[in-house]
Structure formats: C-alpha cells, structure tokens
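Take a look at the structure below. Keep the sequence at hand as you read.

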Amino acid sequence: LAIAEARGEILVFSDAGTDLPADSIRVLVEDLSDPSVGAVSSEDRFISADGSVVGEGAYVKYEMWLRRLESERSGLVGLSGSFFAIRRSILGNWDAGIPSDFACALYAVRAGARAISDPRMVGIYSDIKDPGKEYARKIRTAVRGMTAMARLAEVLNPFRYGWFSFQVWGHKLMRWLVPWCMLLLLLSSAWLAPQSRFYATALGLQLLAYALVALCHWMPVLQRFVLLRLAYFFVQVNLALAAAGIAFLSGRRIVTWEPSAR
C-alpha cells in the first residue's frame, strides 16, 4: 500500500527494529547516482546480549562476505532485509507473497541493472529474545525464498542472466539442498561402513557430531562453547531448510506472521 502511494524516485525499506546510522540515506542515494545500479543493500551487524559473535552472528559475517563477492561480480542475489533501497521504476507489480529483499534483487537484474552491497550502510539489530522462535523464523524465511524463486524462475537461466544465474544456483538452490546432501552422506556412510575403514570413520564422526548437537539442545549451557554453538546452529538451520522444503512442496505459502521480539 505504501509503494502504491509513494511518489519518490527511490524507495527505502527497513525493519522496525533496525538501528541506522544518521547518514544512511545520503550514502544510498550516492550509490544510486550510478545508472547501472538498481538497488543498494546495507550490511548487517548482529549484536548478541553479551556482545559475542557466535551462532547467527558468525553466519551473518559469512553471509556479508559472500554478498561483497557477489556485489563485485554480477550483483547481489539477495538484499539485507533490515535496510535497503531500490529504484521505484524497476519494481513493477508488487507481489506481497514473496520476500522484498530477495525479490528486489531479482527485479533489478530483470530490469538490466544490478544490486550492490555498500559496507558504509549498516543495519544493526539484536538477537531474538526467545531462542525457541528462531527455528520457526528460519522455516518462514526459507519458504518465502522458495516461493520467490518459483515465481521468478527465469533468473535461473544462465544463457539469459550469465554469472548472476550461476550465483543464484549456488547461493540459493544449492543451499536449500544441503540438508538432503547431509542425509545422503549419513546413509551412504552407514551403507559403506562395513566395507571400508574410511567410511566407518566418517560414519562415527557424523554420529558423534550429531550426538553433541543433541546434547547442546537438551543442555543449552554447552552452547557457551563456540564450536558447539556453531555446530548446533548449522544443524538447526539445515533442519529448518528440510522442513521448509517439505512445506513448500506441500503447497504451504506464508504471507503474514507475528514478528519475533528482539
């Protein structure tokens, strides 16, 4: 509704819970002075309650590094939903059923422009107060991303979109397939373990890792150890992706939800 009423040339999106530096708007307008740029994304800064960078914080740092590489190559596959801007002229018909941060990056490419990341634009946000809601948030995010991909599937064509299409395959589709690859690895290791010491060792290491992650779930105090918390986060993410994939293929779509308190 706000987009329909807007008359400006540039639209700015931000989460309500995101803290923004005072000069953020100036920076993004400066970036959009380049006619080849259709959208500009901030970089996320994740602050946990104790100030440590683990779990999602470490993942966010990895994600921001990936986005810088994409920005330098063929443009971002997805914008940071906490704070970004886009030219109004390339939006077209707005689809409320798909996530704006993912869709706007694809809209930019379809319009012959590119989406970039600017480290001078920073969106600062805090951890979710109730960690139990994080799993549901991950499922929601993945289902909405899959919905966007299904509706904008033409960006998967490398003959039309070149390197950008390659980035979409790697950053999105392959990531969504990781939990199924993990399951295949576990099953194949179990199948081959009686025949090979290598696969027997691989099976043992996988079972040990999953056992430690299970302990982290039932004994949260163990998550104070960085490696265990990262492992727990990794498994939780992939369980959510598997659940999201099943939900999406079953026809589930998510348009509205209750935001998580931070």
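This report covers a serine, the nonpolar cores and an alanine in a predicted model.

## Serine 41

Start with serine 41. This residue lies in strand β2, which spans residues 37–47. Is serine 41 buried or exposed? Serine 41 has a relative accessible area of 0%, so it counts as buried, a label for values under 20%.

The side chain of serine 41 comes to 2.8 Å from the backbone nitrogen of serine 80.

## The nonpolar cores

The largest nonpolar core holds 42 residues. Leu79, Ile86 and Met149 have the most contacts inside it. Several elements give two or more residues to this core: β1, β3, α4, α5, α6 and α8. Of these, α4 gives the most, with eight residues.

Now look at leucine 79.

A second core is separate and has nine residues. Among them are Leu32, Val40, Phe83 and Met121.

## Alanine 190

Alanine 190 sits in helix α6. Its relative accessible area is 40%, so alanine 190 is partly exposed: the value falls between 20% and 50%.

How far apart are the C-alpha atoms of alanine 190 and glycine 8? They are separated by 59 Å. Along the chain, alanine 190 and glycine 8 are 182 residues apart.

Note on methods. Residues numbered from 1 in each chain as written. Predicted model: local features only at pLDDT ≥ 70, side-chain atom pairs only at ≥ 80, totals over all residues. Heavy atoms only, no water. Helix = DSSP H or I, 4+ residues; strand = E, 2+ residues; numbered from the N terminus. Buried < 20%, exposed > 50% of the residue type's maximum accessible area, 1.4 Å probe, protein only. Polar contact = N/O pair within 3.5 Å; in protein donor to acceptor, adjacent residues only side chain to side chain. Core = buried A, V, L, I, M, F, W, Y, C linked by side-chain atoms within 4.5 Å.
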